[in-house]
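Hi,

Here is the model I promised to pass on.

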Amino acid sequence: MASIVQTVSGKWKELGKNNPDFQIVASTFLIFLGLFIIMAIGSDVFLRPRNITNILTQSAMYVVLGVGMTFVLTTGGIDISVGSMVGIATAVIGDIIVNHGMPVWLGLLGGLGAGLACGMFNAAFITFLKIPPIIVTLGTWTMFRGLAYVYLGGTIHYNFPRSFIAIARGRFLGLPIPVWIAAVVFIWGHYFLTRTKTGRQITALGGNEEAARLAGINVKRLRFFVYSLMGFLAGLATIIVTARLDSSAAGTGAGFEMHTIASVVIGGTSLFGGRGLMLGTLMGVLMLGVVENGLLLAGISFFWQRVLLGFIFVSVVGFRTVREK
Amino acid sequence: MKTRVLVAFVVLALLLGGTMAFAAGGREAARPDTLRIGYTPPTLDKADFMGQFEEGLIKGLDEWTQAAGLEYELFSRSPADHAAHQQQLQIVEDFLTLGVDYIVLIPTSYEGQLGAYRMINEEGIPLVIGNYSDPFPRDWGVSAMRFAGYSHYDAGVAMAEYVAEKYPSGTSMAIIYGEAGKVSEERGAKEYHIANGFNVVYEDYADWDRVKAYDATERLLTAYPDVEVIIACSSAMAVGAVQAVDAAGLTGQIDVYGAGATIEELDLIVDGRLAAAWFRDPIQIGEAAAEAIQLHHEGREGEITEAWNVPIGIIDSYDAIVEQVNPITYTGMGRPWPPERP
């Protein structure tokens, strides 16, 4: 028995030594596990299957957004307009399905298309005009939200058809559909970033843009791709949130950007580019989901919840920064 | 380095564990027959309508449960802001996981929380809606046992009629709405103001937010210096507008009208910086929510009035405050009642 433990421990150490990404993901997982255990101790309903399903469903949308944001941050960029993209996409979905009574599939295409269009708008300014991403997306953060209000003209669309609501409330093999959507997006994102040539080029671009260019990587194409992808995934996340709420309001999505960026950074993806960890992002999203849910169930006051969430974010990122130094 | 990380993690775990243990220890062990009530408004700010509603809810529940020898546990949770629809839905889901007996919901948006209503109805948990007195339209397929609130439409019209008597036809007016939607429209009552002869030169949406209303007022003062009347559709936005008018040195030249008459607005009315605000008693509305729970628990569902409406008044002076405002509005904030006469 002792020899097995020694062997596993030795292999673990060896793996960690050769692979810093593994160390980060493993440490994120340990922190997640620790918090999960604490929350389970703090509330007698935390481990109920229904609550675990709640956490997964509530996190699904952030996983989808997180995958997109991981790509963006890996290139050394940032996109703070995602919440506002959700505002536009939900307005389009509501307009098509509720206001015009068109088929659900057309509304879904509209939502995805609206997100993609917003992403491509950001991508065009960042790629071709070479304006820093934070400036472009800060501008479009306001602009997209404003457009959502203009588009809806002060109205809210609600009472979607059952077939649309089923996207959020339907189940497949016992799990809510948003969880499956998030799982597919996550697996694809992980595979694409780590196993494909384009994925590795994205990491290389974030690590050293000049070196990437000299190595023959089409930097413009890659950058355009990641911001467009972010928009598309924002459209997909919007479908989930709109179906969950059974309504589309222009204010939907406010604050999503900070939650998403925080999740990705907690997961170990570097804000400065060159390191993207999809597994870490998944851990980061689940960590915030578990903490938010667990604190509420444990009866921690709302005001303390905000303090603790912020503290956890600063602590996790702080530990990692100290560790890396 | 490993030790440092381990120590840091342990500190984090202790902090969280300790806080949770503290919170859990702070509550007495609940009896098995304890009523569990989930309350989720868009904000828990005590100075806001929602905070005062909670005071009324607690007052009503205390009075009933003490007399009946019952115990209750109130879970009060709010999303980050008035537009955080998704967060409020999550809170409702968590209430359902907790197995609450009743849910009192002041929705971030009347139409925007349809998903939450459906979920609550499907679980068979009795629902009380606060801040609205209009029952859900039939085609939504959802219901609540009581709508404890007031008519935002009546409030908007009451203010429109009040200001119409004070200004000549052609007076320039600005309206600052909250988030776009039914409530903003009804409280703003733009059509009434126009019909009463006002010239509505500026409209803006400030998301029920004080700072955004301050900014909107600054913009309108620059663009339309001839504006004489500003209608703000919420208490926080009225305070923001008053502050912007003060900062521009225009107090006394431009009249700001508020909505809801929270304690901050009442102070501004006493100071003469806010011309008036429409008023409905949030304490009474909170008590009406508690009454619905009581009636349901006692099996007297037939006595629950679905639409429970509190009347609207206009507060424009110290005397009107003393006459109409519920003393708890002041005493709940640790303030003396009646307030000091200016």
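Is B:Lys190 buried, partly exposed or exposed? At 27% relative accessibility, B:Lys190 counts as partly exposed (buried means under 20% relative accessible area, exposed over 50%, partly exposed in between, with a 1.4 Å probe and protein chains only).

Before the rest, some housekeeping. This is a predicted model, where local features need pLDDT of at least 70 and side-chain atom pairs count only at pLDDT 80 or more, while totals for chains, interfaces and linings use all residues. Residues are numbered from 1 along each chain as its sequence is written, chains are lettered from A and ligands numbered from 1 in the order in which they are written, and side-chain values use heavy atoms, with hydrogens and water left out.

Salt bridges

B:Lys190 has a partner: its side chain meets that of B:Glu203 in a salt bridge, 3.1 Å from N to O (the rule is a side-chain nitrogen of Lys or Arg within 4 Å of a carboxyl oxygen of Asp or Glu). B:Lys190 lies in helix H7 (residues 190–195) of chain B and B:Glu203 in strand S7 of chain B, so the pair ties together parts that are 13 residues apart in sequence. Helices here are DSSP runs of H or I with at least four residues, strands are runs of E with at least two, and both are numbered from the N terminus. B:Glu203 is partly exposed, at 37%.

By that rule the count comes to 23 salt bridges over all chains. One of them joins B:Glu287 and B:Lys59, at 2.6 Å from N to O. Here B:Glu287 sits in helix H11 (residues 282–297) of chain B and B:Lys59 in helix H2 (residues 49–68) of chain B, so the pair ties together parts that are 228 residues apart in sequence. B:Glu287 is partly exposed with a relative accessible area of 21%, and B:Lys59 is partly exposed at 29%.

B:Lys212 and B:Asp207 also meet through their side chains, with 2.7 Å from N to O in the salt bridge. B:Lys212 counts as partly exposed at 40% relative accessibility, and B:Asp207 counts as partly exposed at 22%. Over in chain A, salt bridges that share partners join A:Glu209, A:Glu210, A:Arg213 and A:Arg223 into one network.

Helix H4 of chain B

This helix (residues 114–123) contains B:Leu114. H4(B) is mostly covered, with seven of its 10 residues buried: B:Leu114, B:Gly115, B:Ala116, B:Tyr117, B:Arg118, B:Met119 and B:Ile120. What do these buried residues pack against? In chain A they pack against strand S1 (157–158), helix H7 (162–169) and helix H11 (219–245), and in chain B against H3, strand S3 (102–105) and strand S4 (127–130).

B:Leu114 is worth a click: it is buried at 0% relative accessibility. Leaving out residues up to four places away in sequence, B:Leu114 touches A:Tyr158, A:Asn159, A:Leu245, A:Asp246, B:Trp140 and B:Val142 (contact means heavy atoms within 4.5 Å). After H4(B) comes B:Gly124, with a positive phi near 75°.

Most residues other than glycine have a negative phi, and most peptide bonds are trans. Against that background, A:Asp246 has a positive phi near 60°. A:Asp246 lies in the loop between H11 and strand S4 (247–248) of chain A, and it is buried, with a relative accessible area of 1%.

A:Lys130 is not a glycine either and has a positive phi of about 55°. You'll find A:Lys130 in the loop between helix H5 (104–128) and helix H6 (133–152) of chain A, where it counts as exposed at 60%.

Then there is the peptide bond from B:Trp337 to B:Pro338, which is cis with omega near -5°. B:Pro338 is in the segment after helix H13 (328–331) of chain B.

One more loop

B:Ala80 is in the loop between strand S2 (72–76) and helix H3 (85–98) of chain B, and counts as partly exposed at 46% relative accessibility. The C-alpha atoms of B:Ala80 and B:Glu291, 211 residues apart along the chain, are separated by 28 Å.

Cheers
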